[in-house]
Amino acid sequence: MWQAFRNGSVYDLRTGDLTVDDPHGGHPWGPERSVRARIVAWLLLDGPPALDGRVSSLKLQGVQITDVLDLAGGVVDPYVEMKQCRFEKEVRVPEARFTTVRLVDCSVPRFEGARVHTEGDLHLPRCRFHNGVRLSDAHIGTDLLLNQAVVFRDRHSKSVNADGMTVGQDLQAEMLETHGELSLRGATVGVSLSLRGSRLSNTHGRLALNAPQLTVERTLYLTPAGLGNPLRTSGSTPARGTRVQRFESVGGVRLDDGRFGDAIDLDSARFTLENDQELSLRRVQTPELRFRGERPQRGTVVLSGAKVVNLIDKAISWPGPGRLRVGGFVYENLIPSGAFPLARRLDWLAAATAEYNPEPYERLATVLRNSGEDADAREVLLAKQRRRRETLPAAAKVWGYIQDWTVAYGYRPGRAAVWMAVLWAVSAVAFSHAAHPPIKEGEAPHWSAPLFALDLLLPVIDLGQIGYWQLRGGWQWAAAVLVLLGWILATTVAAGATRLLRRS
């Protein structure tokens with residue numbers, strides 16, 4: 001191993017038997033495959049110089065490392081790569097500095113790396129960590145890889161504690177399997193964070209993914225990964241016909257106050273929540289939210305205060321009444337995937353507002369109006385008035401029903417025009433039987449019941465009838481009612497026409 005280090009070559013102690021060489025299996029490895037952790041630390045911290053023309057590096061394969069590998073606070077210049085190795089006890093590298101570290105397909109009781117610093121990558125793919133991983137406040141110069149790793153919980157029920165971690169480029173944790181809380185509070189990722197095909201589970205706590213104030217410069221992927229050989233994960237969507245493993249979370253997900261430069265992608269994601277758990281995206285900011293996962297059967301989806309530009313969603317992805325909160329949720333464009341008729345969108349709003357709240361309705365109406373769908377926008381505002389009506393006292397509720405039935409609260413001006421035409425026809429017939437002596441003899445124009453009725457119905461406009469004829473008794477009351485109805489209906493028609501002209 002000493003000479004391999006100086007030569008930069010691989011020190012391989014595998015037997016060639018896949019069962020025996022499996023670092024995660026139960027087959028014991030004897031002393032012939034064991035190296036003391038103190039010797040490994042000695043090589044890395046103060047090893048011999050490289051041979052002429054070579055670069056020293058520690059490359060181990062199929063080696064069992066006994067005792068605790070403790071590099072805390074050390075500066076490790078050589079490249080480190082360990083494949084299919086078995087660690088007897090934990091790996092401790094807090095506040096250590098490395099160039100690049102790669103542990104691939106290794107069995108590790110625990111990885112303790114708080115405030116560790118790497119100039120290059122930290123790779124931990126296909127490893128098994130039996131008591132968790134700690135990378136809080138770590139600084140990874142380029143990429144962090146946790147693909148296909150299996151991480152069990154520590155005594156605090158956390159599988160991965162990476163609070164405050166900074167990753168210079170990508171954080172790839174695809175096909176990751178966790179059995180405790182994955183904590184990324186206040187972490188920063190320089191490019192994308194991929195959890196494609198991962199299965200996060202925390203049956204001993206509320207949260208499977210706890211990542212408030214997470215910053216991702218590009219996209220957060222909670223999407224499927226393609227199964228096969230090789231695995232189809234980063235960089236592309238699995239082709240049609242490829243068998244996939246979707247992202248799945250058993251436990252709550254918290255992304256509150258996160259900032260995402262391109263998108264949050266929840267395509268085909270499955271969230272298994274208890275009744276008191278949430279998929280929480282409070283106050284997140286992102287240009288695009290792709291909410292196209294499987295509908296949660298329990299728990300609550302919270303988007304309160306979130307700000308997105310494009311909301312791409314499916315009607316079948318949203319939870320039912322009482323399990324969605326969108327107060328203060330701001331979005332500029334709606335891009336439905338598949339059929340999402342307006343009636344379903346109104347059901348979506350109703351599900352999100354257990355109590356009447358005008359803001360979500362007004363937001364949806366504004367978005368529809370800005371996209372040129374004026375008729376749908378009016379339907380949304382009409383639905384808002386109907387929802388408000390249910391909160392009013394009995395008398396106001398009755399008046400609301402009358403407004404709805406007659407003029408649809410003014411949002412269907414065509415109905416008001418029809419009512420005006422009906423009233424004009426009825427009143428014209430009625431006034432043709434009314435006594436109508438002139439106010440001044442010789443000055444009255446020719447009597448016309450239709451023109452007289454129209455003069456009463458149309459406010460402001462004077463057709464030269466009502467100022468010349470005198471009605472008595474009940475006909476005076478009929479004329480007064482007709483004037484009042486005319487003002488109401490004409491105002492409704494004018495308001496509708498004004499909205500259309502303003503939009504044009």
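Modeller: In helix α4 (residues 342–352), the buried residues are R345, L346, W348, L349, A351 and A352. This is a predicted model, where local features need pLDDT of at least 70 and side-chain atom pairs count only at pLDDT 80 or more, while totals for chains, interfaces and linings use all residues. Residues are numbered from 1 along each chain as its sequence is written, and side-chain values use heavy atoms, without hydrogens and water.

Colleague: What covers the buried residues of α4?
Modeller: The cover includes β41 (307–313), β42 (324–325), β43 (330–336), α5 (358–370) and α6 (374–389); contact means heavy atoms within 4.5 Å.

Colleague: Why is W487 called partly exposed?
Modeller: Its relative accessible area is 46%. Buried means under 20%, exposed over 50%, and partly exposed in between (1.4 Å probe, protein chains only), so W487 at 46% is partly exposed. W487 lies in helix α10 (residues 474–503).

Colleague: What makes β41 mostly covered?
Modeller: Five of the seven residues of β41 are buried.

Colleague: How do you know that β39 and β41 pair?
Modeller: Strands pair if DSSP finds at least two bridges between them. Strand β39 (residues 285–291) and β41 have six, in the parallel sense, so they count as paired. Here R290 stands opposite I312 in β41.

Colleague: Which residue stands opposite P336 in β43?
Modeller: That is D313; β41 and β43 run parallel, joined by six bridges.

Notes. Helix = DSSP H or I, 4+ residues; strand = E, 2+ residues; numbered from the N terminus.
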